[in-house]
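Please keep the view open as you read.

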Amino acid sequence: MSTDIPEGKETALKLADSDFATDRREHDVKSAVLDYWNRLKAGELGALPALIGLASLFVLFTFLKPDTFLSTGNIANLSTQALPITILAMGLVFVLLVGEIDLSAGVASGLCAALMAKLLVEGGQPWYVAVISAIAAGIIIGTAIGWLVAILRIPSFVVSLAFFLGLQGITLWLIGEGGTVPVRDEVIVALATRNMPIWLGWTLAVACAVGYTATQLLRWQRQHARHLHSKPIELVLIQCGVVAAVLLGATYVLSLDRAASPLIELAGIPWGVPLVGTLLIVCTFILGRTSFGRHIYAVGGNAEAARRAGINVVRIRISVFMIGSGLAAISGILAASRLNSVAVSAGAGNTLLYAVGAAVIGGTSLFGGRGKARDAVFGGLVIATIENGLGLLGTKAYLSFLITGVVLLLAASMDALARRRRSNVGR
Amino acid sequence: MAETGDPVLRITGLNKSFGAVHVLHNVDFTVRLGEVMALVGDNGAGKSTLIKCIAGIHPTDSGQIEFEGRPVTIDGPRAASELGIEVVYQDLALADNLDIVQNMFLGRERRKGLVLDEPSMEEAARETLARLSVRTVKSVRQQVASLSGGQRQTVAIAKAALWESKVVILDEPTAALGVAQTRQVLDLVRRLADTGHAVVLISHNMNDVFEVADRITALYLGRVAADVARTEVTHGQVVELITAGRSGDLGLAPQTAAESI
């Protein structure tokens, strides 16, 4: 902007005409790349740190453990390891978006899993009744937290810390001191430990790649036809190409036989992966394309502005906690499926911090208003890779804790620095 | 169809007390389509209270509000915006993390079924900005966080103009702005009136007031000291009206002005 002081109205109009670019609708590749670079410089990092982190972790662990880390068996193991963290983180993205925190999400996932296991083993209920009850329990917990936070205006930090303790108590009471409940239901166990038939995996992967490309191209075509703001077609095509390559590449690797013994065959995509995929699509749709999602961002960005715009802020606050704890329940079910049991300590310990770390590493801000559902997937993969790689290296427990703590702190510092950068650039 | 110059909002004999404090005394206030009405007064003169009564934030004690000739009661912010009264508050009600289009439609998003109708919102936002000759934004898909103070104010004002609004109330729109940015916003205020809105401009800055206002209403300790055409008064007279409630023949009777204190 020019710093010259205009002398009169005419000067001002000329200034307005000449000094400011008019609204740009279409980009060519150069201007789009330049815009992206400017956004990066202004602290809009998005998923970039997570992708760089993931790539460097892969290089690091491949270098340190060349035989085991990139083996097909370990890649499959890594993907199931990431499932519970990712789903828990996806729920936390909603909570973080409105600028709140839910410290009880981890133990809520444990409690819901314990409830499910109890219903299966002692109640003799079919799996779907147990699963629906577990998710319902999660939503009830979320409603209670949301109510206390949104209506009584107790800081969410305190409310969820209280729930963190209280819910552990309930889990202990349900399962009994020091006990575990085994989970043997076929369907539940299959989620994280069984694989899809190879043909189904390929069909789903191709369908997703085609569906994604079609959606992106259709949107671009609609924006272009109506002369709206749109990305250059070259970038849209590259984006679609990358997504398709990742989908098909992952499917290829997971479809290789990874059995240790040549006598049996073990291949295919674990059933939990399409579950996360579905949740990712649904959450992305809700956050990006519905007015409910738009209102979540608005409450996180400026709650007062949202209130003045007629948005029911209380309702939004309660609903994000419901979504957060509901997804936590699903995460607990997947964790139970992976371990074939639910222990008293399920969801306690570092579960929650892993999930918060995943969301923040993926690019969701702890200060509210910024983040996407996909952050949980990228961040979840980073955390799972660290956990997996350190496991392979046989790192001592104390070191694992230390390293994970440092990574979480690193992600949070990056978030805080990016935020400072943004407020320096704006205004 | 209402014509330029028709009174769109007419307030007569408005009284408002907070407990024992009588804040507004028999206030008469009229705004007309196509006209910028400046509302001036010292701190505590009752400007904000008057605006909040019009915006439905404060209930009134007595007095009549007529909107387009019909008596109305404004019993909440929603009732005010349904009538077509939009307020742009001093602390701008914009969400930093949303882009310009998203902010302009916040809380009133257009939808197609379940899905947001982004193309139609983007077109309408662009149209409104073009109608107000706003050229200061690079892209309507820019995040508000990346805008300057003047640009934010512009977006907030354009947001108010988007909604078939008839009365747009601006609370100190230039208070925090630099010279060039003030220029932009004042031009926008003028265009807002020229495109058929009735504009109420609250300001402490006499230069701004004399630059864009058609009429000036001065409040003095909760009373209307004068409601005059801009061309009929000088800077000095308006300052006297603000500080003493009277200026020569203009203003409150000496007795009223004195007893108000």
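When charges are counted here, Lys and Arg are taken as positive and Asp and Glu as negative, while His and the chain ends are left out. For chain B the counts are 26 positive and 33 negative, with mean positions 4 Å apart. Please bear in mind that this is a predicted model.

**The two chains in outline**

Chain A contains 17 helices and 2 strands. Its radius of gyration is 24 Å, close to the 22 Å from the globule rule for 427 residues, so chain A is as compact as a globular protein of that length. In chain B you will find 9 helices and 14 strands. Here the radius of gyration is 19 Å, close to the 18 Å that the globule rule gives for 261 residues, so chain B too is as compact as a globular protein of its length.

The table puts some overall values for the chains side by side.

| Property | Chain and value |
|---|---|
| C-alpha box along the principal axes | Chain A: roughly 80 × 55 × 40 Å |
| C-alpha box along the principal axes | Chain B: roughly 60 × 40 × 35 Å |
| Buried residues | Chain A: 44% of 427 residues |
| Buried residues | Chain B: 59% of 261 residues |
| Accessible surface | Chain A: about 20500 Å², 68% from carbon and sulfur atoms |
| Accessible surface | Chain B: about 10400 Å², 48% from carbon and sulfur atoms |

Taking contacts with a separation of 6 or more, residues 24 or more positions apart account for 76% of them in chain A and for 66% in chain B.

**A buried valine in chain A**

Now zoom in on Val95(A), which sits in helix α4 (residues 72-97) of chain A. Is Val95(A) buried or exposed? Its relative accessibility is 1%, so Val95(A) counts as buried. Beyond its neighbours within four places in sequence, Val95(A) is in contact with Glu100(A), Ile101(A) and Asp102(A), and also with Val320(A), Phe321(A) and Gly324(A). Ala328(A) is 233 residues away from Val95(A) in sequence, yet the two C-alpha atoms are 12 Å apart in space.

Which strands pair with β3(B)? One is β10(B) (residues 198-202), in the parallel sense over 4 bridges, where Leu39(B) has Ile202(B) as its bridge partner. Another is β11(B) (residues 215-220), also parallel, over 5 bridges; there Met37(B) is partnered by Arg215(B).

**Two positive phi angles**

Finally, have a look at the backbone of two chain B residues. Asn26(B) is not a glycine, although its phi is positive at about 40°. Asn26(B) belongs to strand β2 (residues 21-32) and, at 54% relative accessibility, counts as exposed. Leu221(B), also a residue other than glycine, has a positive phi near 45°. Leu221(B) lies in the loop between β11 and β12 (223-229) of chain B, and its 34% relative accessibility makes it partly exposed.

Conventions
Residues are numbered from 1 along each chain as its sequence is written. Chains are lettered from A and ligands numbered from 1 in the order in which they are written. This is a predicted model: local features need pLDDT of at least 70, side-chain atom pairs count only at pLDDT 80 or more; totals for chains, interfaces and linings use all residues. Side-chain values use heavy atoms; hydrogens and water are left out. The radius of gyration is taken over C-alpha atoms; the globule rule is 2.2 Å times the number of residues to the power 0.38. Buried means under 20% relative accessible area, exposed over 50%, partly exposed in between (1.4 Å probe, protein chains only). Contact means heavy atoms within 4.5 Å. Accessible areas come from the Shrake-Rupley method with a 1.4 Å probe; for residues, only the protein chains shown count as cover. Two strands pair if DSSP finds at least two bridges between them. The place of a charge is taken as NZ of Lys, CZ of Arg, CG of Asp or CD of Glu.
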